[in-house]
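Biologist: I'd like to learn how to read a model like this one, feature by feature. Could you walk me through it?

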Amino acid sequence: MLSVNVQAAEGDGAATPPETPTPYADEAAPPVSENSGASAAAGTSSSSDADTQGILGAPGLSFSFGGFIRQETAISTSGDDNPYNQQGWLYNGRTTPRFYVLTDANGGPVPINDTTTRAGPQQDGSVNLAILRTRLEADIKFTSNLSLQAKMSGIFDPALYNEYDPHEFNSMAVGKLYGKPNYFRFEAEGKNHPNPLEWSGREYLITFPALFLDYNRGPLDVRIGNQQIAWGQAIFFRVLDVPDGLDLRRHSVLDFASEEFSDKRVPALAVRASYQFADNWLADAYVQKFQPTVYGNPNTSYNVIASAFTVHDRYGDFDSKISYGLRLKGDIGDVGVQAIAVRRYNPDGVFRWTKSGVNRDLPGLVGSGQVLQDTAFEVDPTGIWSAEEWFTYAGMARLNGVTGLNAAINEFPAAALLGAVPVATPDGPQSGFAAASATLDTFFALAGGAAVGENNAGLRGHIAREYRAENNFGGGLSYVINSTPGSLLDQLIVNFEALYTPNRVFTNPSLSRDFLTESELTTALVMEKYQRFSTELPATYMVAQWLHKTASDLFGRSLKGQGGTATTAAPGVKGGYDAVVFALQQPFAQLVWRADLSVLYDTQGGILVQPAVRWKPSGSWTVDMFYNYINGHLSSPNENSLSTFDFADELSLRVGYQF
């Protein structure tokens, strides 16, 4: 998203040319929100230094301290609850037709048409987010060359929501995250403390986004400890910004666009070193402990993994993995250039079916739980109840409902003991829809006790999240156009970035353990500048950019899983993924007020519009108000990335005090 130095807007409207490379220059640019969590060095907090004699009289030892406290609230204007969670589930209380075949006493087929009504209330959400945040920042200088940088972040969520209650659904779903909602726990099997410098409970989260020693001597700078790494120039999309995953708890990807990802990158224990050459070239390298992206937990406001799935996160098997990378950055004449090479484990992970391990009988079939535990399913009312529901949510999750059924049967021999037979797909993965629907309805009927006249349960799917290594090679170019002073072209900064990932691993739309492997090229063109339209106002900052990806969408989901509906298995999308962005920022006199507008358009039929206003009545207080309008139904909803958040039209208010 945007990263803007508001002070620059007080000048004559000319954009600032690319600067001489400096160590960690990407992190040094302050985001527009002083309270956004950027580094203290970027001016995000006030500080008071010890006297020149140092702390406790120790020569050269000094200390600075600052921080902020902020309330954040997001109110839904759509009235819709998240459809990926149990309370907003689209089929709650909805009568749905089924067709299936049972066997009579003589072994003959008995076709049955009936209906099922999924248990649980359909509730509308009003408050999506209500948290209190604080950030404490300290800079301890031991010598002129050595310092300790520390940031501690605390979040408290009083859970002022109409929370999911498993008892309302008669749920017995197994797993620590599938009872009462837990807003901050990162659950990884075999790992009690997945993030080393993080402590969490149901309603609180304490982290150290930064805790590292910084050694600087002439052209050399070395950081050792917990830290975030940001690379690249693209300011809405992540192209070269590959070192860190994202923390999508709290407000997911729907925060104030102008703050970029400064408050989202997952920190990791790392050693990072940079060296500034005399001819304006910078070499920057790191080695870090692998830390994954953290998704929202089930039945929290912005969770996007359907809560009818139980996720087994296998990060414990990857906790000892290492990622590393090298970047070169500098100028060739008037052109800024950079190149990166990174070996990493993709922090987003990939998903596949896995054994449920839950021994719970199908109604009326004593002993069936011993077999079912070796399949990918668990009997529970919070699962799927009908074939229509299965295909609807497969499409929403960018999965293929037909091949997904076959993978769940073929890869788990125990499924055959329950009579499951894969369906034929002679004309490709979209064929076999009718046969798959009948097979699914048969098993959902059995899960609901159809054989004994009951109708009270569904099947939960169990999936595992794993991580795969990949190589990333990228580069970027930047150029400042000189034209007629004051014209729109004068001082226009043009940036181009490209990233190539050979043999990237994606989740298979069938959720098969045979993951998809496909090379991907990601490119972004960014044009930005400051333009003064009136002598009465500071300059307006404007940015336009275009993103193209050859194999996945904005959120890294394979294009081969796009386009599924309640009546169609996913056909996939060809031609790649494209999105365009336009944004502007207009500060007013004295910088007390500022207006923002950010627009993201997915060319497959989705749009996000975020108007915003900031009021800064004093140096300590800041009030931000912004609105997210999301429409993912301009064309087929499951062919664009933004339909995932279609429910989240909301008004956000943040009131912060900086000290």
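This is a predicted model: local features need pLDDT of at least 70, side-chain atom pairs count only at pLDDT 80 or more; totals for chains, interfaces and linings use all residues.

Biologist: How do I describe a pair of packed helices?

Modeller: You give the angle between their axes and the distance between the axes. Take α3 (residues 387-396) and α4 (residues 401-410): they pack at about 105°, and their axes are 9 Å apart. That makes α3 roughly perpendicular to α4, because angles of 65 to 115 degrees fall in that class.

Biologist: Which residues of α3 and α4 meet?

Modeller: From α3 you have Trp390, Phe391 and Ala394, and from α4 Gly401, Val402, Gly404 and Leu405. By class, the α3 and α4 contact has five nonpolar residues, two polar and no charged.

Biologist: And at what angle do α3 and α6 cross?

Modeller: At roughly 115°, with the axes of α3 and α6 coming within 8 Å. Here Ala387, Trp390 and Phe391 of α3 meet Phe433, Ala436, Ser437, Leu440, Asp441 and Phe444 of α6. The classes in that contact are seven nonpolar, one polar and one charged. Notice that Trp390 and Phe391 are listed in the contact with α4 and also in the contact with α6.

Biologist: Let's move to loops. Where does Asn297 lie, and is Asn297 buried or exposed?

Modeller: Asn297 lies in the loop between β10 (282-289) and β11 (309-313). Asn297 is buried, with a relative accessible area of 7%. A polar atom of its side chain lies 2.7 Å from the backbone oxygen of Arg185. Leaving aside residues up to four places away in sequence, Asn297 touches Leu177, Asn182, Tyr183, Phe184, Arg185 and Asn303.

Biologist: What surrounds Leu559?

Modeller: With the same exclusion of residues up to four places away, Leu559 touches Thr550, Ala551, Ser552, Asp553, Gly572, Val573, Gly576 and Tyr577. Leu559 sits in the loop between β20 (540-549) and β21, and is buried at a relative accessible area of 6%. Its C-alpha atom is 9.7 Å from that of Lys549, ten residues away along the chain.

Biologist: What about Lys616: buried or exposed?

Modeller: Lys616 counts as buried, at 17% relative accessibility. You'll find Lys616 in the loop between β23 (606-615) and β24 (621-631). Its side chain is joined to that of Thr622 by a polar contact of 2.9 Å.

Biologist: What should I look for in backbone angles?

Modeller: Asn280 has a positive phi of about 70° although it is not a glycine. Asn280 is in the loop between β9 (268-276) and β10, and is partly exposed, with a relative accessible area of 32%. Leu591 is also not a glycine and has a positive phi, of about 60°; Leu591 lies in the loop between β21 (577-587) and β22 (593-602).

Biologist: Stepping back, how many helices and strands does the protein chain have?

Modeller: Six helices and 25 strands. Of the 659 residues in the protein chain, 56% are buried. Among contacts with a separation of 6 or more, 68% come from residues 24 or more positions apart. As for the surface, the protein chain exposes about 25,800 Å², with carbon and sulfur atoms supplying 60% of it.

Definitions and conventions:
Residues are numbered from 1 along each chain as its sequence is written. Side-chain values use heavy atoms; hydrogens and water are left out. Axes are lines fitted to C-alpha atoms, for helices over the stretch in contact, and angles run from 0 to 180 degrees between N-to-C directions. Helices (H or I, at least four residues) and strands (E, at least two) are DSSP runs, numbered from the N terminus. Angles under 35 degrees count as roughly parallel, over 145 as roughly antiparallel, 65 to 115 as roughly perpendicular and the rest as oblique. Contact means heavy atoms within 4.5 Å. Ala, Val, Leu, Ile, Met, Phe, Trp, Tyr, Cys and Pro count as nonpolar, Asp, Glu, Lys and Arg as charged, and the others, Gly among them, as polar. Buried means under 20% relative accessible area, exposed over 50%, partly exposed in between (1.4 Å probe, protein chains only). A polar contact is a pair of N or O atoms within 3.5 Å; within protein, one must be able to donate a hydrogen and the other to accept it, and residues adjacent in sequence count only if both atoms are side-chain atoms. Accessible areas come from the Shrake-Rupley method with a 1.4 Å probe; for residues, only the protein chains shown count as cover.
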